[in-house]
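Colleague: I'm new to this one. Could you walk me through how to read it?

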Amino acid sequence: MPLTPLLADSAKQKLVTLDLEGVLAPEIWLAVADRFELDDMRMTTRDDPDYRKLMMQRIGVLTRHDIRFSQIVEVVSGLVPLPGAVAFLDRLRCQVPVVVLSDTFEQLAAPIFASLGQPVTLCHRLCIEDDRIVDIMLRHEDPKRAAVQAFQSLNYEVIAVGDSYNDLSMLEAAEIGCLIHPPDSLRGTHPHLGLVEDLSELATWLGLTTETWADDEGAQPALNSRP
Ligand SMILES: [Mg+2]
């Protein structure tokens, strides 16, 4: 399968980094908020760029409502990838190394990793005691940027895609960055980045068109806009 023009347009090998929530999968904490009717848990990284503060607020809400970790995993197990995400990821991984860089937690998002076909994913870890989330172990304070820089040190040229504030350092560090369906407050603020609205547009932006994108039967997989 030939490389798409974007992936083949320089002497350097390319590597693509993708955010998880809001790009390939739904927002986990919004699903938890919906399931347990937690109006005080509706902030995401799209609203607050301070991730540690946001997570400590979430743990506080879970504690107040006495929600156990196993109950949260049950919610996550019911989530499905965003429309077209599995096909998109499968096709992209045929073209180029793909690494998912996420601020989620390995124990929490395991069901999502499985439904996406176990892409290589770098994320954080939760501290769990007696079936309760008690703290977070952030692997690195700026893990997405550090990962991009590490890949660049291996002589890869990085194409990064994300939807929110916690992706900006990754998008800025990459040779090519693209926002997908960002919040209104991010629109127009980073004009040097690409901007697409859904995975279908992202596939086109990456050059995954008919020849590289058709499924095994030659048909276009369904790549509808976000739900
Ligand atoms: Mg996101």
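Modeller: Two strands pair if DSSP finds at least two bridges between them; strands (E, at least two residues) and helices (H or I, at least four) are DSSP runs, numbered from the N terminus. Here, Ile 159 stands opposite Ile 176 in β6. Over four bridges, β5 and β6 (residues 176-180) pair in the parallel sense. Bear in mind that this is a predicted model: local features need pLDDT of at least 70, side-chain atom pairs count only at pLDDT 80 or more, and totals for chains, interfaces and linings use all residues. Residues are numbered from 1 along each chain as its sequence is written.

Colleague: In what order do the seven strands form the open sheet?

Modeller: The order is β4-β3-β2-β1-β5-β6-β7, with mixed pairing. At the edges, β4 (132-137) and β7 (194-196) each pair on one side only.

Colleague: And how do I read two packed helices?

Modeller: They are described by the angle between their axes and the distance between the axes. Axes are lines fitted to C-alpha atoms, for helices over the stretch in contact, and angles run from 0 to 180 degrees between N-to-C directions. The axes of α4 (residues 69-77) and α6 (residues 106-115) come within 9 Å and cross at roughly 20°.

Colleague: Which residues of α4 and α6 make the contact?

Modeller: From α4 come Ile 72, Val 73, Val 76 and Ser 77, and from α6 Leu 108, Ala 109, Pro 111 and Ile 112. Contact means C-beta atoms, placed from the backbone, within 7 Å. Ala 85 touches Leu 24, Ala 25, Leu 116 and Leu 199, leaving aside residues up to four places away in sequence.

Notes: Two residues are in contact if their C-beta atoms, placed from the backbone, lie within 7 Å.
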